[in-house]
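User: I am new to this structure and would like to go through it by question and answer. Please begin with any term I will need.

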Amino acid sequence: MSDRPSAHHLGPSRRTVAKAAVLGVAGVLAGAWKASAADVTVTRLDARTYDLGVPSAALGRTAPVRIILPTSYADQPGRTWPVLYLLHGAHDDYTSWTRETDIEAFTANRNLIVAMPDGGPTAIPTHWRTGPDYETFQLQEVPAVLSANYRASGVRAVAGVSTGGYGAMAHAARHPGAFVAAAAYSGIPDTMVTRMPSIIEAIVARENIDPLTLWGDPTRDLATWQDFNPLARASALRGTTLYVSVGSGSLNDPVSIILALIQLINGNFDFNGALPGVLESLVAPSTQSFVTELGRLGVPVTQHIYQGGGHQWSDWKREFVTSWPLLAAALGVPA
């Protein structure tokens, strides 16, 4: 039995491999080797789940994307399918949704493709100032492959956790009409609310990446930071089905929040040992500010801002299930 659906290319051509050997893989990916359906490699994980290796000019490398095909994909060869994009969070990877949730079983018989693209170590899927362009990768290169190889339709929704929640709202706000729905669970939809730039810079620095390579300095390059801030483009979300959620976390007083922030900025914040509630308290103001701005603009949003909770999958799994009827209705699939 074949380990991939029909009509998939088996990998890079001999000519491509030879060219890579001469020029170096990085040079080929960044320049002459453009992402196309024919260059994608495919690894079958089970009956519906596949890992794709997508050669990306925007990233200068081949990047992974995990997809889950519809249950009846093979039985309906003339049909196209809507796509739900699920974005991972910081310090994680594209496997997180299948590792931490039952997304494959959940989407069985629901008539859609699920795509989980790589967002890099910080999972901030943006066009970095001096670095990779995850925005183009996720919004142009991956959809092109899904359309060419997997009969994906143009109907798309996007949801993400943590910095992936930033990506969901940023993608929808910066590209109106690209998604019928967007959801963020403990996301960062306002990157400029008090203390948030420092938190974002700390997330980047934790991966040993210069924070200035993201959007520059938050003060000197304020225009760039605002350009990539979903809140600054909130009016463009009118007409998109929206769901946002965040907990208050475990820090109940400003002093505790400031002390945690100082540790974060100084690089001695214990990400592994910190209670998820502490992290949730640090990011909560971003969603709260975003919801306030949507209300001011009269842009409809379904919100769940709850007491307690944490920056963790146990909360995010619940929020995804809660948001599913909205996402399903927008995608036109069974709830």
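Analyst: A nonpolar core is a set of buried Ala, Val, Leu, Ile, Met, Phe, Trp, Tyr and Cys residues joined through side-chain atoms within 4.5 Å, where buried means under 20% relative accessible area, exposed over 50% and partly exposed in between, with a 1.4 Å probe and protein chains only. This is a predicted model, in which local features need pLDDT of at least 70 and side-chain atom pairs count only at pLDDT 80 or more, while totals for chains, interfaces and linings use all residues. Residues are numbered from 1 along each chain as its sequence is written, and side-chain values use heavy atoms, with hydrogens and water left out.

User: How many helices and strands does the chain have, and what share of its residues is buried?

Analyst: Helices (H or I, at least four residues) and strands (E, at least two) are DSSP runs, numbered from the N terminus. Counted in this way, the chain has twelve helices and nine strands. Of its 335 residues, the buried ones make up 54%.

User: Which residues have the most contacts inside the largest nonpolar core?

Analyst: In soluble globular proteins, nonpolar side chains tend to be buried together. Here the largest nonpolar core has 59 residues, and the helix that gives the most to this core is α5 (residues 134–150), with seven residues. Apart from it lies another core, of 24 residues, with L84, A157, V161 and L327 among them. Inside the largest core, the residues with the most contacts are L52, I67, L146 and Y150.

User: Why is α5 said to be largely enclosed by the rest of the structure?

Analyst: The buried residues of α5 include Y134, F137, L146 and Y150. The helix is capped at its N-terminal end by D133, a side-chain oxygen of which lies 3.3 Å from the backbone nitrogen of E135, a polar contact being a pair of N or O atoms within 3.5 Å, where within protein one must be able to donate a hydrogen and the other to accept it, and residues adjacent in sequence count only if both atoms are side-chain atoms. The helix is largely enclosed because the buried residues number twelve of the 17 in α5.

User: Where does α5 bend?

Analyst: The bend at a residue is the angle between axes fitted to the seven residues ending there and the seven starting there. In α5 this angle is about 25°, and a proline, P143, follows within four residues of the bend. Just after the helix, R151 takes a positive phi of about 55°. The bend in α5 is at V142.

User: In what order do the strands of the open sheet lie?

Analyst: Two strands pair if DSSP finds at least two bridges between them. The nine strands of the open sheet have mixed pairing, and the edge strands, each pairing on one side only, are β1 (41–44) and β9 (302–306). The order is β1-β2-β3-β5-β4-β6-β7-β8-β9.

User: Which residue of β5 stands opposite I67?

Analyst: Strand β3 (residues 61–68) pairs with strand β5 (residues 113–117) in the antiparallel sense over four bridges, whereas β4 and β5 run parallel and are joined by three bridges. Both faces of β5 are covered, with I113, A115 and P117 buried on one side and V114 and M116 on the other. Contact means heavy atoms within 4.5 Å, and the contacts of I67, leaving aside neighbours within four places in sequence, include L52, L146 and Y150. The residue of β5 opposite I67 is A115.

User: With which side chain does the side chain of S186 make a polar contact?

Analyst: S186 has its place in the loop between β7 and α7 (196–206), and it counts as buried because its relative accessibility is 1%. Not counting residues up to four places away in sequence, S186 touches several residues, including S162, S245, E280 and H311. The polar contact, at 2.9 Å, is with the side chain of W316.

User: Which backbone nitrogen does the side chain of N229 reach?

Analyst: N229 lies in the loop between α9 (222–227) and β8, and at 1% relative accessibility this residue counts as buried. Not counting residues up to four places away in sequence, N229 touches P189, D190, T191 and M192. At 3.0 Å, its side chain reaches the backbone nitrogen of T191.
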